[in-house]
Amino acid sequence: MDPGERNAEPGQVVLRPAGEIDMATAGEFEATLTEALRRPGVREVVVDLADLRFLDSSGVRVLVHGVSVGRERDVTMRVTGPQPGVARVLRITGVGTLLGLADAEAPVARGWRGLD
C-alpha cells in the first residue's frame, strides 16, 4: 500500500493509496492518515481511492477512525473515486455516506445467486 500523498490546494491534503488496504497494511495507512489529519493548517483530507483494488474491514475501520480524528480537529475527511469493488464494501458496511460518497445509498448489485 502506497499512501501517494499530494497537496491539492492550501489547507488540503490528498492521499491516494494504491493496491490493498487490509490487515497487513492498515496500520501503515492509519499512521499516514492520522498524521495528515493532525497537521497544522489542514482543513480537509481527501482519500482518493481510485488506485485501491481491495479494502477489507480493517481498512474500513481506519477510514471511519479518520473521520472521528478529523471531527476532533475540525478537519473534513472524505473519500473519492472508489473502484466498484471498494465502493461495494463501503455501501455494504453502511459507511459511504459518513465518508462523503454521493452515491452511497445506491443499491448493491446482486449476482445470479443473490450472494455476491
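**A strand and its surroundings**

A: Within E4, Val-46 is the bridge partner of Val-14; helices (H or I, at least four residues) and strands (E, at least two) are DSSP runs, numbered from the N terminus. The model is a predicted one, in which local features need pLDDT of at least 70 and side-chain atom pairs count only at pLDDT 80 or more, while totals for chains, interfaces and linings use all residues. Residues are numbered from 1 along each chain as its sequence is written, and side-chain values use heavy atoms, with hydrogens and water left out.

The protein has three helices and six strands, which follow one another along the sequence in the pattern β-β-β-α-β-β-α-β-α. Of its 116 residues, 41% are buried, where buried means under 20% relative accessible area, exposed over 50%, and partly exposed in between (1.4 Å probe, protein chains only).

E4 runs parallel to E2, and four bridges join the two strands; strands pair if DSSP finds at least two bridges between them. E4 also pairs with E6, again in the parallel sense, over five bridges, and here Glu-44 stands opposite Thr-76 of E6. Five of the five residues of E4 are buried, so this strand is largely enclosed by the rest of the structure. Both of its faces are covered, with Glu-44, Val-46 and Asp-48 buried on one side and Val-45 and Val-47 buried on the other.

Glu-44, which lies in E4, counts as buried because its relative accessibility is 18%. Leaving aside neighbours within four places in sequence, Glu-44 is in contact with Gly-11, Gln-12, Val-13, Val-75, Thr-76 and Arg-78, contact meaning heavy atoms within 4.5 Å. Met-77 is 33 residues from Glu-44 in sequence, yet their C-alpha atoms are 5.8 Å apart in space. Across the protein, 66% of the contacts between residues at least 6 apart in sequence join residues at least 24 apart.

E4 (44-48) is also among the elements that cover the buried residues of helix H1 (26-37), as are strands E2 (12-15), E3 (19-21) and E6 (76-80) and helix H2 (57-72). The buried residues of H1 are Ala-26, Phe-29, Glu-30, Thr-32, Leu-33, Thr-34, Ala-36 and Leu-37. H1 has 12 residues and reaches 16 Å from its first C-alpha to its last, close to the 16 Å expected, the expected span being 1.5 Å times one less than the number of residues.

In H2, the buried residues include Val-60, Val-62, Leu-63, Val-67 and Val-69, and E4 is one of the elements covering the buried residues of this helix, together with others including E3, H1, E5 (52-55), E6 and H3 (84-92). H2 has 16 residues and reaches 23 Å, close to the 22 Å expected.

The two helices pack at an angle of about 15°, with the axes of H1 and H2 10 Å apart; axes are lines fitted to C-alpha atoms, for helices over the stretch in contact, and angles run from 0 to 180 degrees between N-to-C directions. H1 and H2 are therefore roughly parallel to each other, since angles under 35 degrees count as roughly parallel, over 145 as roughly antiparallel, 65 to 115 as roughly perpendicular and the rest as oblique. Their contact is made by residues including Phe-29, Leu-33 and Leu-37 of H1 and Val-62, His-65 and Val-69 of H2.
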